[in-house]
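Reader: Please show me the model. I would like to go through it in short questions.

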Amino acid sequence: MIYYAAQAVGFLGMAVVIYTFQQNRQKRISAFQGLTCLIFAIHFTMLGAVSGMAMNAVGVFRSCVFTFKSEKRWASHKWWPFVFCGISVVLAAVFWNDWWSLLTLAAMFFTSFSLWADNPVVVRALTLPASWLWLAYNIHSGSWAGIATELFSTSSILIAFLRYDILPRYENKTKKINITR
């Protein structure tokens, strides 16, 4: 019974992730990212996947700081991603479960720097491997909601790469070719 309740909590987290993608301000994205991490921390706790819980707990704290990045001087220091990576290392050691725990740690490294970046290309480039690492961990831990979330996230990132990074370059090259004829 707890397994199904855990999956329901995870799907609630997925709904918040989808809503997060619809935000257009960094502050709101960070705030909803924090809520997502809180829900997934509960989800992983219910599944007994303590590494996932610990890294999502760091994500809650990280989102609280990043929400104020553009407003508060204390939240804008460039050392914050390194602080969150350090906290993640400590929690990974404390909540070590098995070698799969390293996936959540590596994902936190990628995510801490991706969410700090202001360049959308960098955000996408660093979030994609984090999503794949979480996908593998979710498969291992039996998180169906986590699997669905990461498949959705990966698809969204790949579509954004195509839409914003690849197609405009192709269109610019095509325009240059047509102009010279």
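**Helix by helix**

Author: Start with Arg 169, whose place is in helix α7. This is a predicted model, where local features need pLDDT of at least 70, side-chain atom pairs count only at pLDDT 80 or more, and totals for chains, interfaces and linings use all residues. Residues are numbered from 1 along each chain as its sequence is written, and side-chain values use heavy atoms, with hydrogens and water left out.

Reader: Is Arg 169 buried or exposed?

Author: Buried means under 20% relative accessible area, exposed over 50%, and partly exposed in between (1.4 Å probe, protein chains only). The relative accessible area of Arg 169 is 61%, so Arg 169 is exposed.

Reader: How far apart in space are Arg 169 and Phe 61?

Author: In sequence, 108 residues separate Arg 169 and Phe 61. In space, C-alpha to C-alpha, the separation is 37 Å.

Reader: How does Glu 171 count by relative accessibility?

Author: Glu 171 also lies in helix α7. Its relative accessibility is 44%, so Glu 171 counts as partly exposed.

Reader: What is the distance in space between Glu 171 and Ser 30?

Author: The two are 141 residues apart in sequence. From C-alpha to C-alpha, Glu 171 and Ser 30 are apart by 32 Å.

Reader: Which residues does Val 121 touch?

Author: Val 121 is found in helix α6 (residues 120–141). Val 121 has 36% relative accessibility, so it counts as partly exposed. Contact means heavy atoms within 4.5 Å. Not counting residues up to four places away in sequence, Val 121 touches Phe 161 and Asp 165.

Reader: How far is Val 121 from Ala 160 in space?

Author: In sequence, Val 121 and Ala 160 are 39 residues apart. C-alpha to C-alpha, the distance in space is 9.1 Å.

Reader: Where does Glu 71 lie?

Author: Glu 71 has 45% relative accessibility and counts as partly exposed. Glu 71 and Lys 27 are 44 residues apart in sequence and 9.3 Å apart in space, C-alpha to C-alpha. Glu 71 lies in the loop between α3 (50–67) and α4.

Reader: How many helices and strands does the chain have?

Author: Helices (H or I, at least four residues) and strands (E, at least two) are DSSP runs, numbered from the N terminus. Along the sequence the pattern reads α-α-α-α-α-α-α. The totals are 7 helices and 0 strands.

Reader: What percentage of the chain is buried?

Author: The chain has 181 residues. Of them, the part that counts as buried is 42%.

Reader: Which helix has the lowest mean pLDDT among the elements?

Author: pLDDT is the predictor's confidence in each residue, from 0 to 100. The chain mean is 91, and 94% of residues reach 70 or more. Helix α4 (residues 80–94) has the highest mean, 97. The lowest, 83, belongs to helix α7 (residues 144–180).
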